[in-house]
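Please keep the sequence and the model in view while working through the numbered points.

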Amino acid sequence: FYFSCRFLLLLLHILRAVFALEEKIIVSKLGDNATLSCVYREGELHLKNLRVYWQIEDDQEECSVVHAMISGQDNESEQCIHFKNRTQLFWDRLERGDFSLLLLNVSQSDEHTYKCVVLQKTEYTRMIHQAKVVLSLAASYSQPILIGPIRNSNSAGEEVTFSCRSSNGYPKPSVYWINKTDNSHLPPSELKITNHTDGTYSVFSTLKVKATSNMQIECSIENKVLRENLSANYTQQNQSNGSSTESHKNLEKNGRGAQAAGIVSIVILIGFLAVIICWLWKRRSS
């Protein structure tokens, strides 16, 4: 009966740990530090009786140990090389049940599902807590630059080309071309995504459409992980021969006015100097 009670008690602890399993999604920007959360809030704890393991849950990984603490001390004997000198526990929080892990300078290779396992040794070793954390990485894209055609008013119906570019983002973006006159989506003519050595992406896209008299085009770059949507807009600006001629006439008229004003100013200045010279000559003679 005694052994049956101990077995049932152990089974109860295991089931409670399983059903209490936490799973959180953490989003961090490339190059930042990420905190993987693992908090146990039941009962008093003594570090010398604890073993804490952080590991990668992905089965395909050859090495899975991210960080280990045994009896109140870090154990690096089985830690993966990729995580050497990049992980640390919050030592001032451990006895309060906070076993969260700080991961330094995160990169794309750190995108995994992590598992925190806390074991306690009293009469026997039992698991008292475990948690899962999914780490997703992201980087904001730059404000998109949209370049559109400069057209004459009589070019309606001709095919024109727009280009849109943005850079330094992660992960790969979604690119949308939108006709703002009716909010319809337009298929891109070209879409090129380039991967850089630092892991970020640049995107370049073009759109070819028939010109209209009131074109309003938008290029939108979406980062779904960060829930960011950056856009740039183009509004048709007609440039006709008539308006160019009128502008030229206005410029010519303004130029002539400025020239006349300059001549008058010179004449006034010469007269003023002549008066001063005469006054000085008379004063010297007297």
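1. Terms for strands. Two strands are said to pair if DSSP finds at least two bridges between them. Helices (H or I, at least four residues) and strands (E, at least two) are DSSP runs, numbered from the N terminus.

2. Basis of the note. This is a predicted model, in which local features need pLDDT of at least 70, side-chain atom pairs count only at pLDDT 80 or more, and totals for chains, interfaces and linings use all residues. Residues are numbered from 1 along each chain as its sequence is written, and side-chain values use heavy atoms, with hydrogens and water left out.

3. Overall composition. The chain contains 2 helices and 17 strands. Of its 286 residues, 34% are buried; buried means under 20% relative accessible area, exposed means over 50%, and partly exposed lies in between (1.4 Å probe, protein chains only). Among contacts with a separation of 6 or more, 62% come from residues 24 or more positions apart, a contact being heavy atoms within 4.5 Å. The chain exposes about 18200 Å², and carbon and sulfur atoms supply 53% of this area. Accessible areas come from the Shrake-Rupley method with a 1.4 Å probe, and for residues only the protein chains shown count as cover.

4. Strand β8. How many of the 9 residues of strand β8 are buried? In this strand, residues 113-121, the number is 7, so β8 is largely enclosed by the rest of the structure. Strand β3 (residues 50-56) pairs with β8 in the antiparallel sense, over 7 bridges. Within this pairing, Gln55 has Lys115 of β8 as its bridge partner. Strand β9 (residues 125-138) is also antiparallel to β8, and 9 bridges join the two. Here Gln120 stands opposite Arg126 in β9. The two strands β8 and β9 form a hairpin, with 3 residues between them.

5. The hairpin of β16 and β17. Strand β16 (residues 216-223) and strand β17 (residues 228-235) run antiparallel and are joined by 8 bridges. Gln216 is placed opposite Thr235 in β17. Between the two strands of this hairpin are 4 residues, and Arg227 in the turn has a positive phi of about 60°.

6. Disulfides in general. How many disulfides does a search of the whole structure find? The search gives 3, where a disulfide is a pair of cysteine sulfur atoms within 2.5 Å. When bonded cysteines are counted along the chain, the pattern is 1-4, 2-3, 5-6.

7. Cys38 and Cys116. These two residues are joined by a disulfide with an S to S distance of 2.1 Å. The torsion about their S-S bond is about -65°, so this disulfide is left-handed. Cys38 lies in the loop between β2 (34-36) and β3, and Cys116 in strand β8, so the pair ties together parts that are 78 residues apart in sequence. Cys38 counts as buried because its relative accessibility is 0%, and Cys116 counts as buried because its relative accessibility is 0%.

8. Cys63 and Cys80. A disulfide joins Cys63 to Cys80, with 2.0 Å from S to S. The link of Cys63 and Cys80 is left-handed, with -105° about the S-S bond. Cys63 lies in the loop between β3 and β4 (65-70), and Cys80 in the loop between β5 (73-74) and β6 (87-89), so the pair ties together parts 17 residues apart in sequence. Is each cysteine buried or partly exposed? Cys63 is partly exposed, with a relative accessible area of 30%, whereas Cys80 is buried, with a relative accessible area of 4%.

9. Cys164 and Cys219. The sulfur atoms of this disulfide are 2.0 Å apart. With -80° about the S-S bond, the link of Cys164 and Cys219 is left-handed. The pair links distant parts of the chain, since Cys164 is in strand β11 (residues 159-169) and Cys219 in strand β16, 55 residues apart. Cys164 counts as buried at 2% relative accessibility, and Cys219 counts as buried at 0%.

10. Helix α2. Phe272 is found in helix α2 (residues 241-285). At 51% relative accessibility, Phe272 counts as exposed.
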